[in-house]
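Dear colleague,

I am handing over the structure below, and I would be grateful if you could look through it before reading my notes.

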Amino acid sequence: MPQADTVFQSRSDGISAEGVRDQYADGKAAKVWEIFIGDKKSRTENYRNFLVEKLRDNGCKRILDVACGTGVDSIMLLEEGFEVVSIDASDKMLKYALKERWNRRKEVTFDKWIIEEANWLTLYDDIEHLIGDGFDAVMCLGNSFAHLLDNYGDQREHIQAISNFEKCVKPGGLLLIDHRNYDNIMDTGAAPAKSIYYNSSHTADIKTSVLYVASKPTLVTMDYVISTGRGDTSEFRLSYYPHKLAVFEDILRTIFKGHSAYEMYGDFKTMDKVANPAFYIHVVQKGK
Ligand SMILES: C[S@@+](CC[C@H](N)C(=O)[O-])C[C@H]1O[C@@H](n2cnc3c(N)ncnc32)[C@H](O)[C@@H]1O
């Protein structure tokens, strides 16, 4: 049993504690995800511009989205003309991506869109048949990576997952990965409700709890209340591992040893332009 689960329930009621944990397995968050993220067409311009520019500037064409969820980021890239392979561990989330693919199958890019269920911990084996010489870019965005908790207290699964991501990137290709500013959440005990990814006005409330095990921050739990309209609300709980910036950077640099470049952004801006960002975005270029 994971460390944190011995003392605290990290998921919504009814979600299995066994096997590889899918925090979305009850379908609650998946069902309201489209509402939660708001109008896709008006997704924060900063995000779209940052991502598309970064990929184009580096000549990236074939992208692996390892946390596609309902497919929002992947669809944004398909619409921009990229070739996309999308994976996620949650069939409840994937259901929405598959539905969109089917609805738009007459568009060539959507017809070629590959969507598969896979897990970061076994990613290389799960999708070996799709890797070829490696992807031009692998992305894990939207505060997704922090969903992987630290079941052994030594971050070995974080290292395993990022090593799998690295194996999927071709030499000279990019890994784009982000996490919330957990250093700040640890200091203040609260997460900013405003998202840099989504444009939604439907988030009624986010309650943040920080769990300490043996004086070490081990788990950040967010209880979301989403107003679905006509006075209705939907509630779900998601838990995150509170990545410390310095440790995260160190893990990336170690796994991508001999990397050609490493850049860090705060809320999609260069670090000199943002004092205390809500999110950190890391961009590592694999050595050639
Ligand atoms: C916050 S959602 C983000 C989805 C999408 N990128 C977005 O911005 O809407 C995080 C996604 O990561 C997926 N995920 C979490 N742990 C995973 C794992 N170990 N392997 C694969 N996917 C995982 C979840 O199923 C979920 O769909």
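How many helices and strands does the secondary structure of the chain come to? There are 9 helices and 11 strands, where helices (H or I, at least four residues) and strands (E, at least two) are DSSP runs, numbered from the N terminus. Please bear in mind that this is a predicted model, in which local features need pLDDT of at least 70 and side-chain atom pairs count only at pLDDT 80 or more, while totals for chains, interfaces and linings use all residues. Residues are numbered from 1 along each chain as its sequence is written.

Eight strands form an open sheet with mixed pairing, in the order 3-2-1-4-5-11-9-10, two strands being paired if DSSP finds at least two bridges between them. Strand 3 (114-117) and strand 10 (269-270) stand at the edges with a single partner strand each, so one side of each has no neighbour in the sheet. Strand 10 pairs with strand 9 (residues 261-266) in the antiparallel sense over 2 bridges, and in this pairing lysine 269 of strand 10 stands opposite glycine 266.

Turning to one residue, tryptophan 120 lies in the loop between strand 3 and helix 6 (123-131). Tryptophan 120 counts as buried because it has 26 C-beta neighbours inside 10 Å, the cut-offs being 20 or more other C-beta atoms within 10 Å for buried, 12 or fewer for exposed, and partly exposed in between, with C-beta atoms placed from the backbone. Buried residues make up 40% of the 288 residues in the chain.
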